[in-house]
Amino acid sequence: MAALVAEGMSNRQIASALDLSPRTVDRHIEQILAKLGFRSRARVAAWWVAHHHPSGTIP
């Protein structure tokens, strides 16, 4: 789900793409933020790119 945040998708877009309820996605994003100690989706996106994308940038 962090990858989808890094792509700039909203929670509703993520929910639609994964066939989940928006509230389920909200909870997952909240858990990701808490686990990483971040307060913003932008930090999640930056973290994802730095740790999971080979070039360190979003294509």
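## Cover of helix 2

What covers the buried residues of helix 2? The cover includes helix 1, helix 3 and helix 4 (41-52). Contact here means heavy atoms within 4.5 Å, and buried denotes under 20% relative accessible area, exposed over 50%, and partly exposed in between (1.4 Å probe, protein chains only).

The buried residues of helix 2 are Asn11, Ile14 and Ala15. They lie on the same side of helix 2 because they cover an arc of only 100° around the axis, the arc being that of the directions from the helix axis to the C-beta atoms. Arg12, Ser16 and Ala17 are exposed on the face turned away from the buried side of helix 2. Asp19, which follows helix 2, has a positive phi, near 55°.

## Basis of the model

The model is predicted: local features need pLDDT of at least 70 and side-chain atom pairs count only at pLDDT 80 or more, whereas totals for chains, interfaces and linings use all residues. Residues are numbered from 1 along each chain as its sequence is written, and side-chain values use heavy atoms, with hydrogens and water left out.

## Overall architecture

The chain contains four helices and zero strands, in the order α-α-α-α from the N terminus on. Helices (H or I, at least four residues) and strands (E, at least two) are DSSP runs, numbered from the N terminus. Of the 59 residues in the chain, 25% are buried. Among contacts with a separation of 6 or more, 42% involve residues 24 or more positions apart.

## Nonpolar core

A nonpolar core is a set of buried Ala, Val, Leu, Ile, Met, Phe, Trp, Tyr and Cys residues joined through side-chain atoms within 4.5 Å. The largest one has eleven residues, including Leu4, Ile14, Ile29, Phe38 and Val44. Helix 1 (2-6), helix 2 (11-18) and helix 3 (22-36) each supply at least two residues of this core. Leaving aside residues up to four places away in sequence, Ile29 touches Met1, Val5, Asn11 and Arg41.

## Salt bridges

Two salt bridges are counted, each defined as a side-chain nitrogen of Lys or Arg within 4 Å of a carboxyl oxygen of Asp or Glu. Arg23 pairs with Asp26 at 3.9 Å, N to O; about one helical turn separates Arg23 and Asp26 because they are three residues apart in helix 3. Arg23 is partly exposed, at 40% relative accessibility, as is Asp26, at 25%.

Glu30 also forms a salt bridge with Arg23, at 3.6 Å, N to O. Through shared partners, the salt bridges join Arg23, Asp26 and Glu30 into one network.
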